[in-house]
Amino acid sequence: MQIDFKMTDEILIASPEGEMDHHTSSVVREEIDQTVEAFHSKHLIFNFEKVSFMDSSGIGVIMGRYNKITQLGGKLAITGCNAYIERILDMAGIYTIADRASSIFEAIDRIKDENLETEVKDNAEQQS
Amino acid sequence: MPNSRVEADRIKNRMKLEFSNRSENESFARAAVSAFAASLDPTVEELTEIKTAVSEAVSNAIIHGYGEGEKGIITVECLVDQERRVIIIVSDTGVGIDDIIQAREPLYTSKPDEERSGMGFTVMESFMDRLEVESELGAGTKVTMIKNLDSAYEF
């Protein structure tokens, strides 16, 4: 399984390509974790545009990355899902923990907006 | 499971696969079943649902079927009958499931520290029309799934 990585500001965009099952998801998990660490990325965007198959192991990968990213105050967004992948993710309620975005640009905007809100709130709390 | 017993004379075609409990065989298993079922001319959606359900059942057998490092065989049987039903049986001869009702609960996983979603049986249930799980501790697990293919395209 090949994963394309792009980085903008503190946001890592991971675009896996191919079939995501229990076998390949261990590669996805490891590579994302290593890249997050190497580039000190705070937020993560999953772009599933080039994923041709996904079973519930994909859900496990997303939930695992969510736990790691949010521990350090980061946000998670998902984009590029076809109707079938969307159905699998909805089944597990993934969009209660991650943002659903219609494009990479929208995902970046959402993360930036939300991050700004959190920072403003934190600052306000510190000052009061 | 009397309801899913299939009368032998109604079976149109069948196949059986045996392979080692190695995770790289997951893609092989779902591709093989999908190629076999393709002869019934299912919709793309139906085929994707079958592939996903097979992937879940085979992954379960690989992850949970046998003990750590234990080598085992997983069997996938696929039958199609005259009513356009696809019957898939995934079985192992491994450790068995202690509590099937609990195992089938959404989000339940026996390995919470391994980032498992616990959604395997839920996915199988929602993508197939029928799911039956039989298991005996120390003897193995057998998962039977049935999908009724749409016949709207038959003339």
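Predicted model: local features only at pLDDT ≥ 70, side-chain atom pairs only at ≥ 80, totals over all residues.
Visitor: Which strands pair with strand 3 of chain B?

Guide: Start with the general idea. Strands of a sheet pair through backbone hydrogen bonds, either parallel or antiparallel. Now the case here. Strand 2 and strand 3 of chain B pair in the antiparallel sense, over seven bridges. Strand 3 is also joined to strand 5 (residues 140-148) of chain B, by eight bridges, and these two run antiparallel as well.

Visitor: Which residues stand opposite B:Ile87?

Guide: B:Ile87 lies in strand 3 of chain B and faces B:Leu79. B:Ile87 also stands opposite B:Ile146, in strand 5 of chain B.

Visitor: What happens in the hairpin of strand 2 and strand 3 of chain B?

Guide: Three residues sit between the strands. One of the hairpin's residues, B:Arg84, takes a positive phi near 60°.

Visitor: In what order do the strands of the sheet in chain B lie?

Guide: The order is 1-2-3-5-4. Five strands form this open sheet, and the pairing is antiparallel. Strand 1 and strand 4 (130-136) of chain B are the edge strands; each pairs on one side only. Neighbouring strands are turned by 10° against each other on average, direction ignored.

Visitor: How many bridges link strand 1 and strand 2 of chain B?

Guide: Nine, in the antiparallel sense. Look for B:Leu17, which stands opposite B:Val76 in strand 2 of chain B. Helix 1 of chain B packs on this sheet and touches strand 1, strand 2 and strand 3 of chain B. The direction of helix 1 makes about 170° with that of strand 1 of chain B.

Visitor: How should I read helix 1 of chain B?

Guide: Check its length, then its sides. Helix 1 covers residues 25-37 of chain B, 13 residues in total. From first C-alpha to last, helix 1 of chain B reaches 18 Å, close to the 18 Å expected at 1.5 Å a residue.

Visitor: Which residues of helix 1 of chain B are buried?

Guide: First the general idea. An α-helix has 3.6 residues a turn, so residues three or four places apart point the same way. In helix 1 of chain B the buried residues are B:Glu26, B:Ala29, B:Arg30, B:Val33, B:Phe36 and B:Ala37. They cover an arc of only 130° around the axis, which puts them on the same side of helix 1 of chain B.

Visitor: What do the buried residues of helix 1 of chain B pack against?

Guide: In chain B, they pack against strand 1 (11-20), helix 2 (44-65), strand 2 (73-81) and strand 3 (85-92). They also pack against helix 1 (22-38) of chain A.

Visitor: How many residues of chain B are in contact with chain A?

Guide: 20 residues of chain B are in contact with 17 residues of chain A. Helix 1, helix 2 and helix 4 (120-127) of chain B each give two or more residues to that side. Helix 2 of chain B gives the most, with eight residues.

Visitor: Which residues of helix 4 of chain B are buried?

Guide: B:Gly120, B:Phe121, B:Thr122, B:Val123, B:Met124 and B:Phe127. Six of the eight residues of helix 4 of chain B are buried, so this helix is largely enclosed by the rest of the structure. Its cover includes helix 2 (56-71) and helix 3 (83-91) of chain A. From chain B, the cover includes helix 2, helix 3 (100-103), strand 4 and strand 5.

Visitor: What are the elements of chain B, from the N terminus on?

Guide: They run β-α-α-β-β-α-α-β-β. That is four helices and five strands. The radius of gyration of chain B is 15 Å, close to the 15 Å of the globule rule for 155 residues, so chain B is as compact as a globular protein of that length. Of its 155 residues, 37% count as buried.

Visitor: What pattern does chain A follow?

Guide: Chain A reads β-β-α-β-β-α-β-α-β-α. Its secondary structure comes to four helices and six strands. Of the 128 residues of chain A, 39% count as buried.

Notes. Residues numbered from 1 in each chain as written. Chains lettered and ligands numbered in written order. Rg over C-alpha atoms; globule rule 2.2 N^0.38 Å. Buried ≥ 20, exposed ≤ 12 C-beta atoms within 10 Å, placed from the backbone. Expected span 1.5 Å × (residues − 1). Arc of directions from axis to C-beta. Contact = placed C-beta atoms within 7 Å. Pairing = 2+ DSSP bridges. Axes fitted to C-alpha atoms, helices over the stretch in contact; angles between N-to-C directions.
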